[in-house]
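Here is a short report for a first look at this structure. Please keep the sequence and the 3D view at hand.

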Amino acid sequence: MSLRTKLTQATEFTVDETTGDARAGILTVNGNTMETPNIFPVINFYGGGRSESVFGGSTHRTVKELINSAERVDNVDCSEFFRGAMMSVGSLTDYGIGRDLLDVYLAEPIKERPEFRGFDGMIFADSGGYKNLKKGGLDGSDFELDLNQRQVFEMQKKLGGEILVNLDLPIVPEDSFEERIEKARKTAQNAIEFIRLSESYPAARFLTVHGYNYSMIDTFFDELQDVFGNMNIPSFFDGIALGSLVPKKDNKETLINAVQGCRKVMSERGLGSMPLHVLGISRASIPLLATVGADTFDSSSYIQAAINGKYYHSILKTEAVDDVDFSHCDCPVCSSAELRSRMRGNAEYRKDKMGPVAVHNQYVQMKELRRIRRHIRKEGKEGLIEYLENTLGRDDSTRKYAHRVVNESLGGYF
Amino acid sequence: MKHKPKVNEVNEFLEIASDFEDPLELLRESLSNSYDAQASMVDISIRTQPNGSDIVIDDDGEGMDHDDLESFFDLGNSNKTDSIGYKGHGTKIFYKSDEIVVNTTKNGKTLNAKMERPWEKLNNRELPEYEVTEDQGASSRSGTLIKIRGFKSGQGFDPGSLTYPKIHNYLKWKTIAGSTAHFFNDEFQEMEINVTLDDDIDDSRDSLTTTNKFEFPDEQLTPGDGQFPAERMCKRYGPDEIILEHENGTSKVQIVGMAAGKKARNELPTFGRHSTQFGVWLAKDHIKVERLNEAISHDNEFIHFLFVANCQDIELSANREKIRNKSSSVYQALEEELSHHLSKVTHDPWFEGYLDARRQGEIARKASSELDKIEDRLGKVRSEDLTEPNNRAEILFRLQQSGTDQHGYSVTIEDYQPADEVTAIVDRNGNLEAAAVQDSLYAHFYDEAPLEPIDVLICWEWGDKDQLREIQRKGYLGADVQFDFDNNRLRYENGVGETGECDVIIVSEQVSQPQTTEDESTVSPATD
């Protein structure tokens with residue numbers, strides 16, 4: 001096999017502070033930097049519409065307008081909360097578009113479009129493996145596309161993705177050992193093709209792995225390595241993306257096991273210095289998983305919560321948006337009289353009410369991540385322990401997980 | 001015109017004194033008084049008399065003056081402000097007696113007080129009076145001697161009911177003798193406590209000597225050897241002082257405790273079931289009051305823990321047995337803080353290791369028990385001492401081992417459905433046959449099981465042949481049945497008068513007989 005190793009100039013990840021197993025660092029891709037731990041909010045840049053509607057997407061559209069500081073949203077600028085964004089190839093057909101519109105969407109990279117002028121963040125282009133698992137490919141109104149690695153990469157490239165993952169085959173809880181092995185091997189074959197296809201494309205390449213605990217992830221790596229032969233993972237990949245955790249998103253015990261297990265496997269295989277991205281997990285799990293060593297996250301929950309009328313007070317506490325007193329928040333959304341009015345229901349379309357709520361929710365997540373980074377960077381473990389104690393440790397549903405990660409990753413209480 | 005509400009003094013005294021149900025509460029109140037009087041030593045003796053118990057409490061505290069004596073006898077008129085007995089209720093338990101005598105010396109002045117027949121008078125709706133006299137000579141020793149005669153202890157202080165271990169347990173769990181204050185307070189005042197029971201009550205020892213300090217067992221952080229590796233494991237937690245914030249301000253809670261195995265827990269003066277003594281205790285004045293075991297999540301048994309959380313802002317009922325401000329914000333904050341604190345403990349890797357050691361011990365004990373059983377079974381196999389099978393599967397297994405039946409057919413078991421009437425499908429000389437399997441042939445008839453779908457009846461033994469003959473004589477469910485004991489067959493008549501037949505295999509006879517087979521190659525190899 002003759003494969004070119006990664007374009008080292010494209011990506012750099014440095015860990016400059018650790019507290020227990022938690023780490024704070026800087027991820028640089030093509031000159032764009034992001035402090036870690038951090039989150040890539042999911043944005044459907046393409047949501048069924050055309051140029052004049054910022055390519056649509058209902059609530060996503062309003063989010064994009066807030067990133068653009070558009071007149072439609074009272075010129076409120078929220079671009080600073082979107083230093084990165086997750087866009088999945090799989091979401092391109094979520095709105096039942098035709099083939100012609102897909103071609104329009106893929107005609108230009110996201111960051112080169114004037115429609116997205118306010119966005120200058122890092123684009124994490126997911127391969128859509130999870131969507132592929134559920135639907136078996138992309139399903140438009142007048143076309144069907146069986147997703148294969150070549151097609152996925154072409155779309156990731158056309159979207160202007162800066163962090164790319166190979167096309168993976170996520171596992172599901174019902175999978176047998178043999179099924180997981182088969183998925184690992186197919187993922188490995190895709191990963192090899194992905195390397196070949198992307199050898200001259202300047203992006204960070206993340207290798208997807210799947211499993212719920214150390215042993216599953218170790219086996220997954222074994223199978224990958226078996227297919228890779230003498231291919232050394234760090235020479236070809238810039239990071240690891242841990243997937244298949246969405247069905248377990250409410251099971252924090254499993255999430256902790258998975259991230260702890262993944263970090264241990266990575267460390268044992270000499271991959272400890274690579275960034276670890278956790279696919280599809282956010283909110284209250286972020287402090288727990290950052291404490292056990294996750295570096296980046298992505299999730300659409302900020303927008304899903306808004307669509308369901310939920311306004312974040314913190315990553316733990318939500319309130320029905322109709323009952324909220326916005327004066328307690330100083331984010332740009334809640335500071336705008338016009339947007340407050342819309343969130344109270346004085347909006348023509350539901351998206352104009354929920355879009356600002358979504359961006360506020362993202363602001364809360366970003367603020368929380370800033371606090372986490374600050375505590376990791378502080379000397380000693382007390383700051384991070386105290387943070388966990390006063391947040392997750394004070395909530396009945398998350399307390400035991402906070403205590404677990406303090407005990408296991410920060411040296412414990414006693 | 002304004003009216004003052006009236007108080008029926010006699011009823012109030014009677015009510016408060018009656019609230020003290022356990023006679024041991026007298027010890028708690030006496031010790032609290034001695035502690036408040038800054039005694040360094042207190043002796044208590046209990047003697048049983050026909051009309052109740054005679055109790056003497058003698059301490060070297062600062063004694064009482066006239067005002068203090070008034071508080072001692074009055075109700076709700078305590079001179080104390082920041083001490084245990086500030087309500088002036090506790091000593092009213094002494095009223096449940098025939099006589100109270102107090103000799104007390106404070107600042108060189110000795111006062112003697114006496115109250116006669118207090119309980120009888122209260123019950124006659126009469127307020128008992130007490131008389132105080134003053135000794136003329138000065139005394140250099142301060143302290144208080146209280147003699148309670150005829151204390152109405154019910155059967156609580158009877159021989160067999162009251163023992164030194166029981167008193168020791170009560171002292172450490174319910175009185176200032178079990179104080180955890182010394183873990184927190186540098187100015188802790190130590191008090192030696194001696195309790196002497198009359199030999200008629202418990203003559204197992206001369207007396208019990210302890211202090212007012214609750215001491216946890218020594219730590220042992222690693223598992224031990226033997227069958228119960230976690231039984232002596234013990235880890236102490238705290239002392240921790242936490243400030244609670246609540247609606248009405250702030251409160252301090254002082255928490256100290258341990259997690260431990262049974263053997264380590266038994267190093268404490270336990271008495272009776274651990275489930276009534278261990279868990280999370282809320283305390284005031286460092287005297288344990290009530291448990292809040294809900295503070296430990298359901299998957300961790302509270303029995304492994306003994307935590308004491310002292311908070312001076314909880315309020316107690318008159319007899320100190322209950323917390324009465326449970327709906328207050330301070331109590332709710334306390335509940336929350338304890339749940340939080342105990343969650344840290346139950347997720348301590350040491351505690352998880354302790355639980356693992358317990359499980360490992362359990363598995364090792366199971367393995368050891370299985371090994372004993374295996375030895376037993378091996379012995380039986382080696383001696384060819386074939387015991388009766390315990391279930392149908394064993395009967396089939398024995399038959400399969402034999403390889404042939406009494407009809408000379410080779411037999412293999414092809415299918416087994418223990419819940420069905422046709423329990424097995426067997427291959428007999430190449431024919432698949434439906435088989436019922438029973439402990440005995442008689443059991444099949446006793447159970448009124450059907451015959452028609454069955455090709456062969458596989459039984460461990462015949463059962464009572466006379467009972468079978470009776471069935472043959474009287475008929476089976478109104479139809480004829482005939483047993484051919486010599487040829488292992490039975491014939492029967494079905495519901496429409498047709499005749500059926502089936503073979504009977506008596507497995508116990510088969511496995512104890514030398515095997516006879518038409519085809520030697522189908523026989524299982526004999527053991528040698």
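This is a predicted model: local features need pLDDT of at least 70, side-chain atom pairs count only at pLDDT 80 or more; totals for chains, interfaces and linings use all residues.

Residues are numbered from 1 along each chain as its sequence is written, chains are lettered from A and ligands numbered from 1 in the order in which they are written, and side-chain values use heavy atoms, with hydrogens and water left out.

**Strands in chain B**

Helices (H or I, at least four residues) and strands (E, at least two) are DSSP runs, numbered from the N terminus. Two strands pair if DSSP finds at least two bridges between them. Strand S6 (residues 143-151) of chain B pairs with S2(B) and with S3(B).

| Strand paired with S6(B) | Sense | Bridges | One bridge pair |
|---|---|---|---|
| S2(B), residues 52-59 | antiparallel | six | Asp59(B) and Thr144(B) |
| S3(B), residues 99-106 | antiparallel | seven | Ile100(B) and Ile148(B) |

**A loop residue**

Thr180(B) sits in the loop between helix H5 (164-174) and strand S7 (192-197) of chain B. Its relative accessibility is 1%, so Thr180(B) counts as buried. Buried means under 20% relative accessible area, exposed over 50%, partly exposed in between (1.4 Å probe, protein chains only). Beyond its neighbours within four places in sequence, Thr180(B) is in contact (heavy atoms within 4.5 Å) with Phe214(B), Val256(B), His286(B) and Val308(B). The side chains of Thr180(B) and His286(B) also make a polar contact of 3.2 Å. A polar contact is a pair of N or O atoms within 3.5 Å; within protein, one must be able to donate a hydrogen and the other to accept it, and residues adjacent in sequence count only if both atoms are side-chain atoms.

**Where chain B meets chain A**

Here 14 residues of chain B are in contact with 12 residues of chain A. The buried area (accessible area, 1.4 Å probe, that two parts lose on being put together, summed over both) is about 1,100 Å², and carbon and sulfur atoms give 52% of it. His340(B), Lys344(B) and His347(B) supply 48% of the area that chain B buries against chain A, more than any other three residues.

Four salt bridges (a side-chain nitrogen of Lys or Arg within 4 Å of a carboxyl oxygen of Asp or Glu) cross this interface. In one salt bridge, Arg399(A) meets Glu336(B) at 2.9 Å, N to O. Strand S9 (234-246), helix H7 (329-346) and helix H8 (349-383) of chain B each give two or more residues to the side that touches chain A. H7(B) gives the most, with seven residues.
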